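Trainee: I'm new to this one and would like a close look at a single part. Could you walk me through it slowly?

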Amino acid sequence: MQKGPAGWSKASPALIEAFSATLAEMAGAERRQMFGFPAAFVNGNLFTGLFQDRWFVRLPDDALAELTARGGTPFEPMPGRAMKGYLAMPAEILADADERRRWLDRAFVHVAGLPPKPRR
């Protein structure tokens, strides 16, 4: 497994391609880098991204509970420092493009409803 500049493992080319293909279909999603990995924002707020071999989403509480029951795990860019409201999607969901897109749509709608983040 290749290591990135921070010593983190790089995302696989297949995961990056799936991310790019899915986000290309999402009007209003703004692509940027976060932690050196591809990420997507709406109104300045992060709604999804890649980190090493994981793909995370930001969801409301009810959807977080549902995704946890499906195998979603806390998103922790640093061990023990979970980002509140974010979960990494399990491999079963990542392998199914339609299911993955449903979770991304839920994340997008949730985050689009948040107050816009002011530009710096």
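Trainee: Let's take helix 4: how many residues does helix 4 have, and how far does it reach from its first C-alpha to its last?

Mentor: Happy to, and keep in mind that this is a predicted model. Helix 4 has 16 residues, and from its first C-alpha to its last it reaches 22 Å. That is close to the 22 Å expected at 1.5 Å a residue.

Start at the N-terminal end. Helix 4 is capped there by D96, which has a side-chain oxygen 3.1 Å from the backbone nitrogen of D98.

Now look at what is tucked away. E99, R100, W103, L104, A107, F108 and V111 are the buried residues of helix 4. Here's a handy bit of background: an α-helix has 3.6 residues a turn, so residues three or four places apart point the same way. As for what covers those buried residues, the list includes helix 1, strand 2, strand 3, strand 4, helix 2 and helix 3.

Zoom in on L59 for a moment: leaving aside residues up to four places away in sequence, L59 touches L64, L67, G85, W103, R106, A107 and H110. Two of those names, W103 and A107, are also among the buried residues of helix 4.

Strands 3 and 4 came up as part of the cover, and they belong to an open sheet of six antiparallel strands in the order 1-2-3-4-6-5. Its edges are strand 1 (30-34) and strand 5 (73-74), each pairing on one side only. Strand 3 (residues 45-51) pairs with strand 4 (residues 54-58) in the antiparallel sense over four bridges, and in one of them G49 has F56 as its partner.

E99 counts as buried, with a relative accessibility of 13%. E99 forms a salt bridge with R102, where the closest N and O atoms are 2.7 Å apart. Both residues lie in helix 4, three residues apart, or about one turn of the helix. R102, at 46% relative accessibility, counts as partly exposed.

E99 has another partner as well: R70, with the closest N and O atoms 2.6 Å apart. This pair links distant parts of the chain, since R70 sits in the loop between helix 2 and strand 5 and E99 in helix 4, 29 residues apart. R70 is partly exposed, at a relative accessible area of 32%.

R70 also meets E92 in a salt bridge, at 3.2 Å from N to O. E92 is in helix 3 and R70 in that loop, so the pair ties together parts 22 residues apart in sequence. E92 is exposed, with a relative accessible area of 55%. Put together, R70, E92, E99 and R102 are linked in a network of salt bridges. The whole model has a count of seven salt bridges.

Conventions
Residues are numbered from 1 along each chain as its sequence is written. This is a predicted model: local features need pLDDT of at least 70, side-chain atom pairs count only at pLDDT 80 or more; totals for chains, interfaces and linings use all residues. Side-chain values use heavy atoms; hydrogens and water are left out. Two strands pair if DSSP finds at least two bridges between them. Helices (H or I, at least four residues) and strands (E, at least two) are DSSP runs, numbered from the N terminus. Contact means heavy atoms within 4.5 Å. A salt bridge is a side-chain nitrogen of Lys or Arg within 4 Å of a carboxyl oxygen of Asp or Glu. Buried means under 20% relative accessible area, exposed over 50%, partly exposed in between (1.4 Å probe, protein chains only). The expected span of a helix is 1.5 Å times one less than its number of residues. A polar contact is a pair of N or O atoms within 3.5 Å; within protein, one must be able to donate a hydrogen and the other to accept it, and residues adjacent in sequence count only if both atoms are side-chain atoms.
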